[in-house]
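Q: Could we go through the pockets of this model together? I would like to begin with the ground rules.

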Amino acid sequence: MSDASASTSPGPAIQRLLFTDFEGQPADPDDVIADALEGGYRERQDGVREVLRDPSADPYDRFLACFALTRWADPAGYEAVIEAARDPERVVWRGASVDRWFGADDTFAHLAEAVGRSDDMAAERGTGELRLEAARALVRIADRVQFERRLLWILDEASMAMFAEDLREVVGRALQRLASPEAPGFDLGTQTAGLIGALASVDEDRAVAFARQLIALNPGDRALRELADVVARGRGPKTLALRDELAALDVPRMEEALQEALRSRARRQEQRPQGG
């Protein structure tokens, strides 16, 4: 998480556990967490769990502990993600990491990436069901917190059928929020466009309808270009019709985005089994 902005310097416990490599040298926590996937997590997971559960620990340290455990497919990490999603505005590490563009909390974005990238470890450790619970908990708050594009680590085509109903509900709420005078504090329009694109792989009709609702809300050029992913993930004529509607918009680099979407669509069709 080298792009995260920490609120304080790491405490001594997390410094020893995640800022020190397996040869005892200072290291970036991203590298330590990745190296530990080879088995080193076993010698550090107990200490990291202690930091996560310590109410006196610095919020950033607890967040970093949650991220590491989640990336290692540890039950304590997944359970902490689920708990945090129950009340995301009040989680103890809220604001411990913020993005560079809006100054908005991005802790859930990092946790979504950790959940998404932990699929192989979850299979190895037998925590796959808990991983899916954590993933679903995050999807359900995508109208309330910033995920940037990291939620798409979870919403791959292999898992989309499991999250389709959750996506339909959260996109509906996001569109209602975008239509209200309340400012979300982050680029909810682009984030919603990405969710609509993911939905297109399993529910093309609803995705196209949602895309048209979003277009009508004038969410900005970035969000409108993101809707090209609906074309990329779709299979039928409705998403191709949406391609023509998007092309007619006066949006810089839209044609470039749509051309790439059509190439991606063609690649997906080639990869699908006959009759799929």
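This is a predicted model: local features need pLDDT of at least 70, side-chain atom pairs count only at pLDDT 80 or more; totals for chains, interfaces and linings use all residues.

Q: How much space lies in the largest pocket?

A: About 350 Å³. A pocket is an open set of points on a 1 Å grid over the protein atoms alone, where a 1.4 Å probe fits, with protein on both sides within 12 Å along at least five of seven lines. The volume is the space filled by probe spheres set on the points, which are joined across faces, edges and corners.

Q: Which residues are closest to its centre?

A: Trp101, Gln146, Glu148, Arg149 and Arg222, out of 20 lining residues; lining means having an atom within 4 Å of a point.

Q: Which element gives the most to that lining?

A: Helix α10 (188-199), with four residues. Helices are DSSP runs of H or I, at least four residues, numbered from the N terminus.

Q: And the second largest pocket: what is its volume?

A: About 290 Å³. Of its 16 lining residues, the closest to the centre are Arg149, Arg225, Glu226, Ala228 and Asp229.

Q: Where does the largest share of that lining come from?

A: From α15 (254-271), with six residues.

Note on methods
Residues are numbered from 1 along each chain as its sequence is written. Side-chain values use heavy atoms; hydrogens and water are left out. Helices (H or I, at least four residues) and strands (E, at least two) are DSSP runs, numbered from the N terminus.
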